[in-house]
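Visitor: I am new to reading protein models. Could you walk me through one?

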Amino acid sequence: MNELKPCPFCGVVPTVEWENWIEISPTSGAWRLYANHDDKCFIRKMDGLNVLGRITSFNKDWIIEMWNRRADNG
């Protein structure tokens with residue numbers, strides 16, 4: 001499963017990208033999920049300073065599963 005569900009509150013569909021940590025080593029990094037939620041979105045309001053809804057993980061499948069579970073339970 002690699003299809004991300006839309007946010008249940010504002011409808012934005014997040015993206016998942018690999019972020020290289022070159023300063024650590026050439027192969028270091030993590031997957032980052034970004035969701036540019038609407039200004040009035042419940043998730044944006046609840047995440048405080050995390051206005052882009054960033055989630056980081058070393059496992060791409062886990063990050064997608066976690067977001068989709070969050071979207072289902074919205």
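This is a predicted model: local features need pLDDT of at least 70, side-chain atom pairs count only at pLDDT 80 or more; totals for chains, interfaces and linings use all residues.

Visitor: In what order do the elements run from the N terminus on?

Guide: Helices (H or I, at least four residues) and strands (E, at least two) are DSSP runs, numbered from the N terminus. Here the order is β-β-α-β-α.

Visitor: How much of the protein chain is buried?

Guide: Buried means under 20% relative accessible area, exposed over 50%, partly exposed in between (1.4 Å probe, protein chains only). Buried residues are 32% of the 74 in this chain.

Visitor: Which residues have the most contacts inside the largest nonpolar core?

Guide: In soluble globular proteins, nonpolar side chains tend to be buried together. A nonpolar core is a set of buried Ala, Val, Leu, Ile, Met, Phe, Trp, Tyr and Cys residues joined through side-chain atoms within 4.5 Å. The largest one has 13 residues, and those with the most contacts inside it are Leu4, Cys7, Val16, Leu33, Ile55, Ile63 and Trp67. Helix α2 (residues 60-72) gives the largest share, four residues.

Visitor: What does Leu4 touch?

Guide: Contact means heavy atoms within 4.5 Å. Leaving aside neighbours within four places in sequence, the partners of Leu4 include Val13, Leu33 and Trp67.

Visitor: Is Phe9 buried, partly exposed or exposed?

Guide: Phe9 is partly exposed, because its relative accessible area is 38%. Phe9 lies in the segment before β1 (15-20).

How values were computed: Residues are numbered from 1 along each chain as its sequence is written. Side-chain values use heavy atoms; hydrogens and water are left out.
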